[in-house]
Amino acid sequence: MKIIVLVKQVPDTETNIKVGDKSINEAGIKWIISPYDEFAIEEGLRLREKNGGEVIAVSLGPDRVQESLRQAYAMGADRAVQIKVDNYVPFDTVLTAELIANFAKAENADIIIGGRQSIDSDSSQVVIQVAEGLGIAHISFAVSLEISGTSVKATKEVEGGTQVVETSLPVAITAQKGLNEPRYPNLKGLMAAKKKPIETKTPADLGNPASKIEVVGLEPPPPRIPGRKLEAADAKGYAEQLVKALREEAKVI
Amino acid sequence: MSNVLIVGELKDGELKKISREITSAGRKIADALGGKVTALLIGSGVEKFAGDLGAVGADSIVTVNAGDFNAETWANLVAGVIKDKNPSVVLVPHTSQGKDYSPRVAVKVGAGIVADAVGLSVDGGKVVAKKPIYSGKAYGNFKVTSPIAIFTVRPNSQEVVQKAGAGAAEAASPSAGDAKVKIVSSDLSGGNKVQLAEASIIVSGGRGIKGPENWPVLQGLADVLGAALGASRAAVDAGWISHSHQVGQTGKTVSPNCYIACGISGAIQHLAGMGSSKYIVAINKDGDAPIFKVATYGVVGDLFEVVPALTDEFKKVLG
Ligand SMILES: Cc1cc2nc3c(=O)[nH]c(=O)nc-3n(C[C@H](O)[C@H](O)[C@H](O)COP(=O)(O)OP(=O)(O)OC[C@H]3O[C@@H](n4cnc5c(N)ncnc54)[C@H](O)[C@@H]3O)c2cc1C
C-alpha cells in the first residue's frame, strides 16, 4: 500500500504575524506542521503498520519545509519529498493540488491523506482537488477510517452530525480532529531523521502547472469596534445594559 | 460579458440564509461587471424559491432535481451548469457541503478558486476576494486569473439586500454521473439546533461553566435568542460537550453578528475561530482575561449570575 501524506508548514499559531506588501515578513517566525496534517501523518503510519507498504511525506515550499519533513521522518515516514517552490503564489490551491496530483500519479499512490484544512489559509481545498485531478474518490472530514484489502469504510463529519461512507481504493482523505492522537517523535527518531535523504522535485518535473491566483496585497486585520467594560451594581444591572447595548447600539439582536 | 452564477444551499427543504447572502453579493458583482445573476438550486421542489432569490437580485434560477447531497454527483451537476451557462464568476457557500464539492468543481472547469472569502469587490473587471489568513492575524486580497473564477463565501459575511431581479425559473438536467463514495448511514442527532458555522448569534461556554450539568444555563439564553451553542476546547476536552460544538483553530470558524463568550479566557486558538465575529460579548470573572481585549462589551462577573439575568431581560424585551 502506497500512502502519501501531505505535510504543510505553517507559522505557529502563537507567532506574531507582520504583514508585508504581498506576503508576510518571515523573520522570527516559528514554523510548525499544520495541526490537521499531524493527524494525516499519524493515520498514514497506522495504515502502514496494519496493511504494510510505505508512507511518503510530501511538502511543498522553499527549503525551510525540510524541517517539517524531518519531523515526519522522526514520526516514522519511509520517504520524504520536497516539491521545491521558492516563489510561488501562496494559497493557490489549484496549482498546489496539480503538483501533488502529478506526483501521486507518478508514484501510483493508493491513498492520499491531508488535514481537513491548513491553519494559515483555512481553504479546505487541496486534498479534494488532488482527488479530482486523479479521478479518484475522496472522503472529507474523516473521524474514523478502516481499510482492508481495497475496501474503505469511514465516518465523516457532516453538517449536524456524522455519516458512514464506503468506497474502494484509491482514495483521498482529509483528516478531522478525532481521527487519532498523533504520536510524538522520540529523540532516537529525531536523531535518525537528520541523516535521512530528502528527495526534491521541481515544478518542471511535475508538469509545470500555471498559477491561477494573483495576490493583490496583504493587510492587517480590520480594526475591531472599540470595546468597553460595562459597569453595574449587580447582575440585573449588567443584563439591562447589555440588552440595551446589543439592541440599540449594535442592533444585532 | 461577465455573468455570475451562485450556488444556493438548502437545509431540510428550506433556503439557507447564505443563499440570499451570496445572491446579493453576486448581484453587486454583476452590476459592476455588467452581467446577469443566475442562481442554481439543487434538490427536489426547489422551483418554489425562485421568487425568494429573485427578490434579492437573481435574474434567473436554474433548478436541478436531485436527491440527497453527495459531493461527487453535486460537483458534476454544478460543473455541468457552469459549462452550460459559462459564468465568469461563481459564488459557493463556504459550508460543510460547499467545502466538499467546490474543490472538485474548480478542477473540473479549470478554474482558480479563493476559499473562505469574507469580502468581494470589483477592480479592473475582476473580482478581488478578501479572506482572513494566518488565523485572522492578516487579511489577503486575491484575484483569480483564469477565465472562470470561483469563490467560496463565508456565511454571515455578506449583507442581504432587497433588489428585484426577474427570478424566472428554468429547469436543467446535467449529468450527475456515478459517485465512487456510497453513503451507508447518517446520524444527524448530535448537532446544534442552529448550525454553528452559519449562526448569526452564538452563546459559547468554556471551562468557566464548571461542568456539563450547567449547559442549560447557556442553552436557556441561546433558546431565547435563536442562537447556536458553542464551546471552547477546554470544555470539549473535558468531555462536557461534543466536538461539533467546538469553536477555534481545531474546531469551527464562526463569524456571527454576535458572539457571547461565557467563562472563556480567550486563548489565541479560540480567537482564531471567533475573532472575526462582528460583536463580541465577554462574561468572565477575571477582568484580566485576554477575551476582554477583543470584546465589544465586557462584563466582569460570575456567569452563573449574569447569564440567567440576561436571559430574563431578553425574554422581557423579545416577548
Ligand atoms: C494546537 C492547539 C489547538 C487548540 N485549538 C483550540 C480550539 O479550537 N478552540 C479552543 O477554544 N481552544 C483551543 N486550544 C486550547 C486553548 O489554548 C485554551 O486552552 C482553551 O481555549 C481554554 O479554554 P477556556 O477558555 O474554556 O478555559 P480556561 O482558559 O481555563 O478559561 C476559563 C475562564 O473561565 C473564567 N471563569 C471561571 N469561572 C467563571 C464564572 N463562574 N463566571 C465567569 N467566568 C468564569 C475564568 O476566569 C477563565 O478566564 C488549542 C490549543 C492548542 C495547543
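Which residues form one aromatic cluster with F91(A)? Select F91(A), Y134(B) and F142(B), and you have the whole cluster on screen.

Before moving on, a word about what you are looking at. This is a predicted model, where local features need pLDDT of at least 70 and side-chain atom pairs count only at pLDDT 80 or more, while totals for chains, interfaces and linings use all residues. Residues are numbered from 1 along each chain as its sequence is written, chains are lettered from A in the order in which they are written, and side-chain values use heavy atoms, without hydrogens and water.

Over all chains, the structure holds six aromatic pairs (Phe, Tyr or six-membered Trp rings with centres within 6.5 Å; planes under 30 degrees apart are stacked, over 60 edge-to-face, the rest tilted). Pick Y36(A) and F39(A): their ring centres are 6.1 Å apart and their planes stand at 50°, so this pair is tilted. The two sit three residues apart in helix α1 (residues 35–51) of chain A, about one helical turn from each other. Y36(A) is buried, at a relative accessible area of 0%, and F39(A) is buried too, at 8% (buried is under 20%, exposed over 50%, partly exposed in between, using a 1.4 Å probe on protein chains only).

Now jump to Y279(B) and Y297(B), with centres 6.5 Å apart and planes at 5°, so they are stacked. Y279(B) is in strand β17 (residues 279–284) and Y297(B) in strand β18 (residues 297–300), so the pair ties together parts of chain B that are 18 residues apart in sequence. (Strands are DSSP runs of E with at least two residues; helices are H or I runs of at least four.) Both tyrosines are buried.

E249(A) belongs to helix α6 (residues 235–249) of chain A and is partly exposed, at 45%.

**Charges over rings**

Next, select R64(A), which lies over the face of W31(A), 3.6 Å from the ring centre. Then try K229(A): its charged end sits over the ring of F292(B), 4.8 Å from the centre. (Here NZ of Lys or CZ of Arg must be within 6 Å of the ring centre and within 35 degrees of the ring normal.)
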